[in-house]
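Subject: Structure for your study

Dear colleague,

Please find the structure below, together with its sequence. I would be grateful if you kept it open while reading the notes that follow it.

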Amino acid sequence: MWRAAALTAAATLTASASSLPGDPLYSLKQAREELGVRLAVDDQARALALLARADARLDETSRLLQQGRTDAAVETMLRYDQV
């Protein structure tokens, strides 16, 4: 039973990695990123986690623009500035 739950959780986390703002799993993606920053063992690991978060916002902005979702792209770019 616990294996099925673990597999479901892993599949959900994997699926959330490519989610965009407005997608159902996007909040899970953000929570995972925040956890990575908070659980960083040192300053270098924290910096790498923050860089990964910033890179994710740039990727999301690009993908949103490709989809013609300009308003969402602008909001995402503002979140990039916050990172």
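This is a predicted model: local features need pLDDT of at least 70, side-chain atom pairs count only at pLDDT 80 or more; totals for chains, interfaces and linings use all residues.

Residues are numbered from 1 along each chain as its sequence is written, and side-chain values use heavy atoms, with hydrogens and water left out.

The chain as a whole

The protein chain contains four helices and zero strands; both kinds of element are DSSP runs, numbered from the N terminus, with helices being H or I of at least four residues and strands E of at least two. Read from the N terminus, the order of elements is α-α-α-α. Of the 83 residues in the chain, 24% are buried. Buried means under 20% relative accessible area, exposed means over 50%, and partly exposed lies in between, using a 1.4 Å probe on protein chains only.

Confidence is expressed as pLDDT, the predictor's own score for each residue from 0 to 100. The mean pLDDT of the protein chain is 88, and 84% of the residues reach 70 or more. Among the elements, α3 has the highest mean pLDDT (95), whereas helix α1 (residues 2-16) has the lowest (66).

Contact is used here for heavy atoms within 4.5 Å. Among the contacts in the chain with a separation of 6 or more, 42% are between residues 24 or more positions apart.

Helix α3

Helix α3 covers residues 43-66, which is 24 residues. From first C-alpha to last this helix reaches 35 Å, close to the 34 Å expected at 1.5 Å a residue; the expected span is 1.5 Å times one less than the number of residues. At the start of α3, a side-chain oxygen of Asp42 comes to within 3.2 Å of the backbone nitrogen of Gln44. After α3 comes Gly68, with a positive phi near 80°.

Which residues of α3 are buried? They are Ala49, Arg53, Ala54, Ala56, Arg57, Glu60, Thr61 and Leu64. These buried residues pack against α2 (26-38) and α4 (70-82). As background, an α-helix has 3.6 residues a turn, so residues three or four places apart point the same way.

Two residues of α3 deserve a separate look. Arg53 lies in this helix and counts as buried because its relative accessibility is 16%. The side chain of Arg53 makes a polar contact of 2.5 Å with the side chain of Glu34. A polar contact is a pair of N or O atoms within 3.5 Å; within protein, one must be able to donate a hydrogen and the other to accept it, and residues adjacent in sequence count only if both atoms are side-chain atoms. Apart from neighbours within four places in sequence, Arg53 is in contact with Glu33, Glu34, Val37 and Val83.

Leu50 is also in α3, but counts as partly exposed because its relative accessibility is 30%. Not counting residues up to four places away in sequence, Leu50 touches Val37 and Val83.

The end of the chain

Val83 is in the segment after α4 and, at 36% relative accessibility, counts as partly exposed. Leaving aside neighbours within four places in sequence, Val83 is in contact with Leu50, Arg53, Ala54 and Arg57. Val83 and Asp55 are 28 residues apart along the chain, with 9.7 Å between their C-alpha atoms.

The largest pocket

How much space lies in the largest pocket? The volume is about 150 Å³. A pocket is an open set of points on a 1 Å grid over the protein atoms alone, where a 1.4 Å probe fits, with protein on both sides within 12 Å along at least five of seven lines; lining residues have an atom within 4 Å of a point. Grid points are joined across faces, edges and corners, and the volume is the space filled by probe spheres set on the points.

The lining includes Ser16, Lys29, Arg32, Ala49 and Arg53. Helix α2 gives the largest share of the lining, five residues. Ser16 lies in helix α1 and is buried, with a relative accessible area of 1%. Beyond neighbours within four places in sequence, Ser16 is in contact with Leu25, Leu28, Lys29 and Arg32.

Yours sincerely
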